[in-house]
Amino acid sequence: MVRVLRSLVLTLAAAAALWWLFADTVRHQRGGGSAPLRVCFWGTFEEYGMWQELGAEFQRRHPGIALKLEYVPGGRYETKIQQQLVGESAPDVIVYQDEPFFELVDEGNFVDLAPLLDAERAQLGEAGEDLEAWLTARYWPTAVQSFGDRLGEPTAGGGRRWRQFGMPIWGGCNLLYANAAIFARDGVRIAALPAGEGLRREPGSGPGALRWTVDDRQWTIADFERLTRDLTRDDDRDGFIEQFGYAGGPTVSWLPFHQMLGGDLLDPTRTRTLFHGPEVERSLALFQAWRWDDARRIEPREEMGAMTQSVAFLCGRAALFSAGPWEMPFLNAARVDYRVMHFPRDNISGRRATRITWDAVAVNARARRPAEAWALVRFLTRDRAAQDIIARMQRSIPGMRSAAATFMAGNPGSGVERFVEAAGDYAIMQPIPRHGWVLLTDAWMRTLDRVRHVIPERRLTPAEAIGYFYSQGDLHALLPAADPEAAKRYQDIYRRSGK
Amino acid sequence: MRAQARRQLAGWLFAAPWLIGFLGLTLLPLIASLALSFCSWKGLGLGTLRFVGLDNYRRLADDATALKALGNTAIYAFTAVPLGLAVALGLALLLSQKRPGIGLFRTLFYMPNVISGVATVMMWTWVFNAQFGLLNAALRAGARLLVALGVGSLTGWDPPNWLGDPAWTKPALVVMSLWGTGGAMLVFLAALQNVPEQLYEAARLDGASRWQQFRHVTLPQISPAIYFNLVMGLIGSFQVFNDAFILFGGRGGPDDSALFYVVYLYTKAFQHLEFGYASALAWVLFVIVLALTLLVVRGARRLVYYEGDQ
């Protein structure tokens, strides 16, 4: 009897353990009615809170759809999602960044949303317009293009049918953040100046006296250099700088300067590298000068140690730094008083530029209930209520242009409207190739590293650095040079340098 | 017979969790990675899987970055492992003495091994900071003291830029690796406790000095522990990843001077999405570590003393 009982208990325990281990897997594989619609996202603690709000609002509108919010903690979100896609366990709806997006599209991982959008337009009686035009009237054009495919499918009329693989949910461009406490202490005011004047030296001197007025809608790189040099301070005169005028950085932080000087990384087809010419040389020379030639070192590097630029900014080691709106929740939580400023203009062309980046919501090609998945995508990106929740959080500019007003109203007096102005006026899409974004940024970062190398004998001149960029074999096997002759010329310069 | 079958079944059932884990999570991925090393695969769906034969291995032979990463790893391993063994043995010798409060010191020296790796690396980034770091502050203070004593001059001298100068990144990582010698120290400490006291007594009666006692009694007696730490150290140092990856943000540091083999492998697999090539890299590393281990095992036959051996 005891033996039978023992066997029974053991069998039941084993069955319970197996159920506990595999029930979810079986449910997931079957995709039965009880399995909820899954959506995954990343972000900070504040963003997690925003998703709870979005989820609750969606449930109010769609009580019949069970929703499961899957927060992906830590870094390397893309890698985790890729692994889920390979394992066929990725959520139905996926929030994804623009940089690696088309790597997944081209492997057939996301649904083309164009037919769903067309059906909706037909219902609204707005089907006459071209889909791209219809979308860009409602969303930021760069956002639509980041997740849309103009190559599309050929149509009977000889044209191309626009495909849209992700709906822009939010994004933002890099601008400058000014530490208001440092500006007040060092006598810097942001205000309008007469046309053509970007920076004015005021007569005041001494602590707290007004010494500079800056008009960030007009200021030039020369103005920027003057001001940041003045804000760079070695208070105790021990040779180590206590306060940097500007804490920049390579790649995406440098991209706005590179773009405003007329430089690029890719040609318009985004399938070939284009990184040469006087504009690129000028950009690299400026980057090098800010690190090494400038006596006051505008662009610090190892002096910051493990400190990120935003931490350096909030603890007063940097008066200015470059970031997108995604830094605002962090700075707001830390109660840092800041002002958002436009990037300066190029001294010669007067051009302003900055990089803009977008995130989209996409439907997994293996989504079990595509109609419900589309309902969620619609809610997140087409419903003003959801876009207002996103705008109020101040993390990003909402994808829908009409919700930008809510974004600006949330942080009056901080200059936040500049993000919207830049997105509408002069922000440029990032140089994202269809494939090989990581290889491209690796090569770009290595090139910038060599331009500001710590050992003078290893430091490359701008022309040598371009040659070094074109000598990255892995990259150019995937993204060949747009002008092979020019690439070869620069490669020879680099080779001859012996560095 | 029935009872024996039942016992066998019970044995298999108890071993089943481990067996399932081994088959599913170790053996199968191992075989899959070997198969992948002959393929090209982006890791985003089986549609991109393509057989390429030995191409990945041929590519590796021509890949200057992979060879540089291998060179960096070898330099690191052949520096950090002997140095780590020497420091661990030195610490163990100091801590094997029967002094009051020695337990506290044993705990302190082992403590870095139980502290989170990421936190430790973040701490070291500050220690190595060229301008404000603790290490360079100590070096500067030392240099100033020497100048005050009239030895040398500070003109033109700067302490190393540990993380910015390609010549100093590997030494920095070797110094950092010493922080984690607590594990090897513990093995040495256990081995030292097992050296019979009568051997020292006999050596002393024969007039052996302290060095001779160490050379002819301690070292042979603890040679199995040295052998164990050497093999584990070699395997571990060829797979060095965390420290370099966190310290240099997933990149190879200045001029790829801190690009280690496994960091490169990770980059190829999970950033460049070249899973086939990354698998080939992994199998080449396996062969190298296996060859080195066999070399050590061969040497051990002559150099390691086991009680009871002839």
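Let me start with confidence in chain B. This is a predicted model, and the mean pLDDT of chain B is 91, with 99% of its residues at 70 or more. Within chain B, the highest mean belongs to helix α3, residues 64–95, at 96. The lowest is in helix α5 of chain B, residues 117–127, at a mean of 89. For the model overall, the scores are ipTM 0.78 and pTM 0.85.

Now the interface. How many residues does each chain bring to the contact? Chain A contributes 32 residues and chain B contributes 30 residues. As a general point, interface size is often quoted as the accessible area lost when the parts come together. Here, about 2,600 Å² is buried between chain A and chain B, and carbon and sulfur atoms give 50% of that.

On to specific interactions. Between chain A and chain B there are eight salt bridges. One of the salt bridges joins the side chains of Arg458(A) and Asp255(B), at 2.4 Å from N to O.

Which helices of chain A each supply at least two residues of the side that touches chain B? They are α3 (77–86), α4 (101–105) and α18 (437–451) of chain A. Of these, α18(A) gives the most to that side, with seven residues. By residue class, the side of chain A that touches chain B has 13 charged, 12 nonpolar and seven polar residues.

To recap the interface: about 2,600 Å² buried, and eight salt bridges between chain A and chain B.

How values were computed: Residues numbered from 1 in each chain as written. Chains lettered and ligands numbered in written order. Predicted model: local features only at pLDDT ≥ 70, side-chain atom pairs only at ≥ 80, totals over all residues. Heavy atoms only, no water. Contact = heavy atoms within 4.5 Å. Buried area = accessible area lost by both parts, 1.4 Å probe. Salt bridge = Lys/Arg side-chain N within 4 Å of Asp/Glu carboxyl O. Helix = DSSP H or I, 4+ residues; strand = E, 2+ residues; numbered from the N terminus. Nonpolar A, V, L, I, M, F, W, Y, C, P; charged D, E, K, R; others polar. pLDDT = per-residue confidence, 0-100.
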